[in-house]
Amino acid sequence: MSEIWQWTADNGALLGVLGGVSLLMFVGSLLLLPILVSRIPADYFVETKRHISRLHRLHPVFFALAVVAKNLLGIVLLVSGIAMLVLPGQGILTILVGLMLIDFPGKFAFERRMVSNRRVFRALNWLRARAGRGPLVPPQGTHALNRVDPH
C-alpha cells in the first residue's frame with residue numbers, strides 16, 4: 001500500500017493532467033454530444049442506403065478539408081468515449097457519435113445496428129428532446145423502438 005502512496009506522490013503532475021483531461025472530456029461530452037446528436041436528420045436511419053452528404057456541395061478543396069476535420073473530430077470522440085467507459089462521461093453515446101463522424105466501409109449498416117438498440121435509440125432521442133429537436137425515426141424493421149418500455 002505504501003508503494004501506491006509513494007507512486008502517487010512521485011507522479012502528482014501526471015495525475016493532475018489526467019484529472020484535468022478527464023474533467024475536460026466530461027464537460028466536453030455534456031456540451032458537444034447534444035449538439036452533434038441534434039444535427040442528425042430525423043430520417044437519417046430510415047433508408048437502407050446512406051444519404052449523400054451535404055459536404056459534397058462544397059468546393060472540392062473545402063470538401064477535402066471538411067472530411068479530414070470531420071474524421072479527426074470523430075477519432076477524438078471515439079478515443080474519448082472509450083476512455084469514458086472508465087472515466088466520467090457518456091461513453092457509449094460518445095463512441096457512437098464518434099463512429100458516425102468517421103468514414104469507414106460498412107459504417108452505415110453498423111450505425112443502423114447500434115441505433116436499433118432500444119437503450120441507444122432512447123438516449124439519442126432524449127438528447128434530441130433536450131435540444132428542442134424532434135425524435136429520430138427508427139430504422140426500418142425496428143418499429144418496436146417506438147413502444148414505451150414498461151420498465
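## Helix 3 and the largest pocket

Helix 3 supplies 4 residues to the lining of the largest pocket, the largest share. This is a predicted model. Three helices each give the lining at least two residues: helix 2 (12-38), helix 3 (60-84) and helix 4 (91-101).

The largest pocket holds about 770 Å³ of space. It is lined by 23 residues. Closest to its centre are R50, S53, R54, K70 and L101. By class, the lining has 13 nonpolar residues, 7 charged and 3 polar.

## How helix 3 meets helix 4

Helix 3 also packs against helix 4. Their axes lie 7 Å apart, at an angle of about 160°. Angles over 145 degrees count as roughly antiparallel, so helix 3 is roughly antiparallel to helix 4. The crossing of the two helices is left-handed.

## Residues in the contact

On the helix 3 side, the contact uses K70, N71, L73, G74, L77, L78, S80, G81, I82 and M84. Helix 4 answers with G91, T94, I95, V97, G98, L99 and L101. By class, this contact has 9 nonpolar residues, 7 polar and 1 charged.

K70 of helix 3 and L101 of helix 4 belong to the contact. K70 and L101 are also among the residues closest to the centre of the largest pocket.

Note on methods:
Residues are numbered from 1 along each chain as its sequence is written. This is a predicted model: local features need pLDDT of at least 70, side-chain atom pairs count only at pLDDT 80 or more; totals for chains, interfaces and linings use all residues. Side-chain values use heavy atoms; hydrogens and water are left out. On a 1 Å grid over the protein atoms alone, a cavity is a set of points where a 1.4 Å probe fits but cannot get out, and a pocket is an open set with protein on both sides within 12 Å along at least five of seven lines; lining residues have an atom within 4 Å of a point. Grid points are joined across faces, edges and corners, and a volume is the space filled by probe spheres set on the points. Ala, Val, Leu, Ile, Met, Phe, Trp, Tyr, Cys and Pro count as nonpolar, Asp, Glu, Lys and Arg as charged, and the others, Gly among them, as polar. Axes are lines fitted to C-alpha atoms, for helices over the stretch in contact, and angles run from 0 to 180 degrees between N-to-C directions. Angles under 35 degrees count as roughly parallel, over 145 as roughly antiparallel, 65 to 115 as roughly perpendicular and the rest as oblique. A crossing is left-handed if the near helix is turned anticlockwise from the far one by less than a right angle, and right-handed if clockwise. Contact means heavy atoms within 4.5 Å.
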